[in-house]
Amino acid sequence: MKRIKISPPVAALFLAIVLFLLSGLLPNSYGSDVKIAISQATNIVRLAVFLGVIAAGQTLVIISGFEGIDLSAGSVVTLTAIVTYVYVNGADEKVFVALLLSLAVGAVIGLLNGAGITFLKISPFVMTLGMSGVVTGIVIILNHGNVSGKVAPIMTRLIARPISPDIPIPGAIVIWVIFGILMWLLLERTSFGKYLFAIGVNRVTAKLSGVNVTGMNLATYALAGALAGFGGFLVVGNTGVVLISLGQPFLFPSIAAVAVGGTLLSGGKGSYWGSMAGAILLTLMTSLLTTMQMPESVRRMVLGATLLVLISIYGRQRALRQ
Amino acid sequence: MKRFTWNKLTSRYPALFALTLLVLSVLINVILQPNMFARDTLNSNMRVFLPMVILAAGQAIVILGGGIDISVGGIVSIINTILATRVGLEGSAETMWQYVAISLLIGILAGAINGFFVAYLRLQPIITTYATSFLFAGVALFILPNPGGGIPTSISEFYRSSIPLGLPLAFYVIAIILLVWGFLRSTRYGNFLFAVGGKAQAAYETAVPVTTIQFSTYVISGLMAAISGIAITMLSGSGNAESGSAMTLNSITAVVIGGTALSGGVGGVAGPMLGAITLGFIQNIISFAHIDTWWETFAKASIIVAALAIPGVINLFRRRRP
């Protein structure tokens, strides 16, 4: 009998839809009101945007292989959110520069990660975890107890509100769709994408086939940092306030989202569509746990167990006995 | 010529680097704290360093065997919260020792969970223990949502100020660990451990029980994390679900500056334990320097990253030389 193969992104999306339909049975949920159900679904996708954008950088470093991972993403989100918040200070005309600033700050941190990993041979996990501490340190210095600033009205208008009164689709979702197409182009239609998968499968053969592995590694981590920076910009545009722990809650789910989407955590195989589906599924799970009034501890346990189950399905290494 | 000898020395005695760094940091400490070798000061330093020394020893075993254990901090937190909630400030010494025994079992169980997924299901160690670290942190938070609880003062007093035969308690614990390690190294288990860490495939082909060895390293690491959790609870006398979260990266850093390679199969346990003591002295220096509180996180994290970078920097210079 032939086994039916469902691709992980489709499976994740399917699971999300089933979970959402089942959640209607919860006592304090939408019940049988279709209108409320649709608005709730839209809201969950809107919330998934932020996780999805942060998971984009994570997708890239994980595809690049060699145990690639970016644990500094959470603290970078906090940092660029604060930078944006303080720099913009309510002025619409400063938003574009703030966006560039967020990307640049993220890219510099990512480049440092890449340099440590490539030149000093520090394992990505340890390097980015260390960097996360350093960035948190910078956040504490900048924050100094409290920061004064304000997001610009145009950011709230573009990110948090629906695109027009007649079409109830939040701007964030539109941004995400465009972003997703760009990510797809990057991964599937550029030489960067081709090389990224190549170094993820096997660094030695990639190098022998003329791929600049060092340069690719640096570029991947820098890009991942920049994408996390973009995530910070979006998050602050949505929340409108900054907290010292703004970004950290996104970190673990961003890795889990990539895993849900079927991207191999050992590298070389994956897609951003998968991470998008994963982001939606994980956001739905977290919001369901919140609706069911589960404490933070239970949410952590569920997330940890989810990742464990996922890597048990997708992440088995070769057996010792061939 | 002279440098060549240094290279040879560091490759033969991996702990030499940690020792040099230790001597340096002790010297600076002596300048800042002239009475450092007085019995009370020595004791107060060692009792603070001990939990990390124990944790680093366990981490070193896993890393020697070719793995890594990100979940040790989570296990420390679980043990800390269990002791603080189940024994309580008014508890008797008997309940305390009962729960110490239970804690050791829990540590072994947690390690066995890690070992099962990594060794038997053949999942990637980093991502697996990262997932379980989230799971364990959730369990700790579930047991004790808000900091509090405690153990009888008589017990923490015993840990803090007992100096049998004039030497701090910590010395005896360290001596026991070193003795056990010295014994293990000389047995077949020790040889197997280095073989598995060096190249698991080759070890498997020469009939080394790779799976069992890998499994055992996680069990040992879980047990050591439990002992570390007991020590930290006796030190602080209170419970906090976040007590272990910062300890994971420090334990890995201690292993790295202790001259044990993260790639596995090279190094020992004495070096990482020295590394943990060195880290403790370096953190002492930071607190003596009376820097602004806002800068403390940044300073500590930067030193961790710098310490992680040192072996890489040394290698970089080595390769440059003809």
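The model is predicted. Chain A has 13 helices and zero strands, and chain B has 14 helices and zero strands. The contact between the chains takes 42 residues from chain A and 39 residues from chain B.

**Chain A as a whole**

- Read along the sequence, chain A gives the pattern α-α-α-α-α-α-α-α-α-α-α-α-α.
- The radius of gyration of chain A is 20 Å, and a compact globule with 322 residues would have a value near 20 Å, so the two agree.
- Taken along the principal axes, the box filled by the C-alpha atoms of chain A is roughly 55 × 55 × 40 Å.
- Buried residues make up 51% of the 322 residues of chain A.
- Of the contacts in chain A with a separation of 6 or more, 77% come from residues 24 or more positions apart.

**Chain B as a whole**

- The order of elements in chain B is α-α-α-α-α-α-α-α-α-α-α-α-α-α.
- Chain B has a radius of gyration of 20 Å, which agrees with the value near 20 Å that a compact globule with 322 residues would have.
- The C-alpha trace of chain B spans about 65 × 50 × 40 Å along its principal axes.
- In chain B, 50% of the 322 residues count as buried.
- Contacts between residues at least 24 apart in sequence form 81% of those in chain B that join residues at least 6 apart.

**Contact between the chains**

- Chain A contributes 42 residues to the contact and chain B contributes 39 residues.
- On the side of chain A that touches chain B, the elements that give two or more residues are α5 (124-143) and α13 (296-314) of chain A.
- Helix α5(A) supplies the largest share of that side of chain A, with 13 residues.
- The side of chain A that touches chain B is made up of 24 nonpolar, 13 polar and five charged residues.

**Helix pair α4(A) and α5(A)**

- Helix α5(A), which gives the largest share of the side of chain A that touches chain B, also packs against α4 (residues 95-118) of chain A.
- The angle between α4(A) and α5(A) is about 145°, and their axes are 9 Å apart.
- The crossing of α4(A) with α5(A) is right-handed.
- From α4(A), the contact uses A:Ile109, A:Leu112, A:Asn113, A:Gly116 and A:Ile117.
- From α5(A), the contact uses A:Pro124, A:Met127, A:Thr128, A:Met131 and A:Val135.
- By class, the residues of the contact of α4(A) with α5(A) are seven nonpolar, three polar and no charged.

**Helix pair α2(A) and α7(A)**

- The axes of α2(A) and α7 (residues 171-189) of chain A cross at roughly 30° and come within 9 Å.
- Because angles under 35 degrees count as roughly parallel, α2(A) is roughly parallel to α7(A).
- The crossing of α2(A) with α7(A) is left-handed.
- On α2(A), the residues that make the contact are A:Val45, A:Arg46, A:Val49, A:Gly52, A:Val53 and A:Ala56.
- On α7(A), they are A:Ala172, A:Ile173, A:Ile175, A:Trp176, A:Phe179 and A:Met183.
- The residues of the contact of α2(A) with α7(A) comprise ten nonpolar, one polar and one charged.

**Loop residues with positive phi**

- A:Glu67 is not a glycine, yet its phi is positive, at about 60°.
- A:Glu67 lies in the loop between α2 (34-63) and α3 (73-88) of chain A.
- With 20 other C-beta atoms within 10 Å, A:Glu67 is buried, because the cut-off for a buried residue is 20 or more.
- B:Arg122, a residue other than glycine, has a positive phi near 55°.
- B:Arg122 is in the loop between α5 (93-120) and α6 (125-143) of chain B.
- B:Arg122 has 17 other C-beta atoms within 10 Å and is partly exposed.

**An exposed loop residue in chain B**

- B:Ala207 is placed in the loop between α10 (200-205) and α11 (210-236) of chain B.
- B:Ala207 has 7 other C-beta atoms within 10 Å and is therefore exposed.
- B:Ala207 and B:Val255 are 48 residues apart along the chain, and their C-alpha atoms are separated by 29 Å.

Note on methods
Residues are numbered from 1 along each chain as its sequence is written. Chains are lettered from A and ligands numbered from 1 in the order in which they are written. This is a predicted model: local features need pLDDT of at least 70, side-chain atom pairs count only at pLDDT 80 or more; totals for chains, interfaces and linings use all residues. Two residues are in contact if their C-beta atoms, placed from the backbone, lie within 7 Å. Helices (H or I, at least four residues) and strands (E, at least two) are DSSP runs, numbered from the N terminus. Ala, Val, Leu, Ile, Met, Phe, Trp, Tyr, Cys and Pro count as nonpolar, Asp, Glu, Lys and Arg as charged, and the others, Gly among them, as polar. The radius of gyration is taken over C-alpha atoms; the globule rule is 2.2 Å times the number of residues to the power 0.38. A residue is buried if 20 or more other C-beta atoms lie within 10 Å of its own, exposed if 12 or fewer, and partly exposed in between; C-beta atoms are placed from the backbone. Axes are lines fitted to C-alpha atoms, for helices over the stretch in contact, and angles run from 0 to 180 degrees between N-to-C directions. A crossing is left-handed if the near helix is turned anticlockwise from the far one by less than a right angle, and right-handed if clockwise. Angles under 35 degrees count as roughly parallel, over 145 as roughly antiparallel, 65 to 115 as roughly perpendicular and the rest as oblique.
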